Amino acid sequence: MSVSHALLALLSEGPKYGQRLQNEFEMRTGEVWPLNVGQVYTTLQRLERDGLVETDDGDGDRGRKRYRITPVGAGELAAWLRTPPELVPPPRDELVIKVLVALQVPGTDIDEILQAHRRHVIEIMQRYTRIKAGAAEGDVPLALVADAELFRLEAIVRWLDAADIRLKQPPTAAPAPPAGVSAEPTGTMEVSR
Amino acid sequence: MTSALELRRVSKIYGSGPTKVHALADVDLSVDVGELVAVMGPSGCGKSTLLTIAGTLEEPTSGKVVIGEHDVGVLSRDGRARLRRQSIGFVFQDFNLIPALSAVENVALPLELDGVRIKAARAAALEALVRLDMAAQADRFPDELSGGESQRVAIARAVVGERQLLLADEPTGALDSVNGEAVMRLLRAASHDGVAGVVVTHDAHLASWADRVVFLRDGRVVDQTAPRPGPESLLAPTAKP
């Protein structure tokens with residue numbers, strides 16, 4: 001989650017004070033991504049250092065700084081919106097590793113391991129769904145944030161279900177090597193001499 | 001809390017000898033009034049059998065089914081049919097509306113079959129449709145309704161009258177995700193309104209609408225989520241540095 005770009009987006013609507021930025025950020029991400037005020041100010045300082053935002057005194061209220069986006073900041077925001085997130089290589093998935101490790105540990109009940117993770121993920125999904133159910137029907141930003149988490153979590157459950165089915169299938173015998181070819185690994189990537 | 005549905009050590013065996021299949025084995029399940037429970041599991045785990053037994057459409061091989069005050073096992077065939085008509089509403093994936101009847105007639109049908117006078121049945125049906133924001137579609141026929149609207153009519157039919165138990169089999173299977181969500185909101189609202197709801201599904205997204213998720217595998221209840229957790233722990237002080 002890029003806090004700096006979210007702040008640039010909020011500033012693209014007009015100049016704002018830091019406290020208001022924090023409130024609007026939390027409101028629009030539906031309380032799912034809480035942000036503390038310290039995070040807001042360190043991020044704003046960095047953005048100012050890099051020339052993406054500038055400050056003025058606003059209405060001079062108690063010496064608070066008011067932030068506005070610069071043309072460089074607007075350009076950075078536009079470029080960021082269009083840049084695909086990093087999806088490859090995939091992050092090393094802890095759950096996948098746990099299941100792979102479980103297969104190696106003698107006496108482990110893999111069904112029980114998969115079910116423990118399934119239950120845990122669904123309990124988290126229930127919490128996001130309750131947030132969505134409790135929100136006002138017109139609260140689209142909250143629904144979008146909750147949906148993103150729900151779809152991500154649902155993918156984990158589907159992977160667990162698929163793992164379950166795969167592990168229940170009887171192991172198929174390795175295909176017999178063609179006649180005259182050794183079954184030993186031979187380093188087939190060797191280039192011809 | 002009062003139980004609206006109780007299955008006690010319910011087993012169901014189909015066939016005999018070498019072809020014998022244990023569809024359900026010693027299932028205990030209790031659903032309270034005001035609670036929505038999802039029964040989740042892969043195909044063939046016994047979900048649909050559980051629902052048909054809970055709905056008195058099928059009898060268990062052994063065990064006890066109690067709906068409200070009624071022990072289903074001691075009721076006559078007619079008694080079971082009456083209990084089903086008066087107390088249980090069904091929602092299916094493919095809506096199961098009668099094509100020759102309008103929306104309001106579809107909703108009124110279970111009441112009319114139960115002897116309620118047509119005028120009173122239609123009034124109750126219309127009221128149920130109004131509650132689901134379907135008043136404008138009351139006189140339309142099923143082929144004039146979208147999937148989402150059809151399922152709303154089916155839900156109205158399932159909750160009309162004095163139903164205590166709402167049973168749904170993959171109720172959003174034929175709908176897109178937004179309409180599916182609307183249907184789950186309605187089922188959840190109906191349950192919290194004083195009906196006990198059971199949804200069987202293989203879909204985690206759908207199951208997450210339930211207050212409690214029960215996991216069924218090979219005919220057995222193997223696990224369940226914690227019942228209706230308290231205040232939102234997700235929103236508790238989670239602010240990370």
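**Cores, domains and the chain contact**

Reader: Which residues is Leu187(B) in contact with, leaving aside its neighbours within four places in sequence?

Author: The model is predicted. A contact here requires C-beta atoms, placed from the backbone, within 7 Å. With neighbours within four places in sequence left aside, the contacts of Leu187(B) are Leu36(B), Ile155(B), Leu166(B), Ala168(B), Pro171(B), Gly197(B) and Val199(B).

Reader: How many residues has the largest nonpolar core?

Author: In soluble globular proteins, nonpolar side chains tend to be buried together. Leu187(B) is among the residues with the most contacts inside the largest nonpolar core, as are Val107(B), Leu129(B), Ile155(B), Ala156(B), Leu166(B) and Val198(B). The size of this core is 86 residues.

Reader: Which helix gives the most to this core?

Author: The residues with the most contacts inside the core include Leu129(B) and Val107(B). The helix that gives the most, however, belongs to chain A and supplies nine residues. It spans residues 140-168 and is helix H7 of chain A.

Reader: How many residues are in the second, separate core?

Author: This core includes Leu8(A), Leu21(A), Leu44(A) and Tyr67(A). Its total is twelve residues.

Reader: Which element gives the most to the side of chain B that touches chain A?

Author: In the contact between the chains, 19 residues of chain B meet 17 residues of chain A. Elements that give two or more residues to the chain B side are helix H6 (177-192), helix H7 (204-207), strand S9 (212-217) and strand S10 (220-224) of chain B. With three residues, the one that gives the most is H7(B).

Reader: How many residues on that side of chain B are nonpolar?

Author: Sorted by class, the side of chain B that touches chain A has four polar and four charged residues. The nonpolar residues there number eleven.

Reader: How far apart do the C-alpha centres of domain 1 and domain 2 of chain A lie?

Author: The domain assignment places domain 1 of chain A at 3-82 and domain 2 at 94-168. Four residues of domain 1 are in contact with eight of domain 2, and the domain 1 side divides into one nonpolar, two polar and one charged. The distance between the C-alpha centres is 34 Å.

Reader: What pattern does chain A follow along the sequence?

Author: Chain A has seven helices and three strands. Read along the sequence, they give α-β-α-α-β-β-α-α-α-α.

Reader: What percentage of the residues of chain A count as buried?

Author: A residue is buried if 20 or more other C-beta atoms lie within 10 Å of its own. Of the 193 residues of chain A, the share that counts as buried is 18%.

Key: Residues numbered from 1 in each chain as written. Chains lettered and ligands numbered in written order. Predicted model: local features only at pLDDT ≥ 70, side-chain atom pairs only at ≥ 80, totals over all residues. Domains from an automatic or database assignment. Contact = placed C-beta atoms within 7 Å. Nonpolar A, V, L, I, M, F, W, Y, C, P; charged D, E, K, R; others polar. Core = buried A, V, L, I, M, F, W, Y, C linked by C-beta atoms within 7 Å. Helix = DSSP H or I, 4+ residues; strand = E, 2+ residues; numbered from the N terminus.
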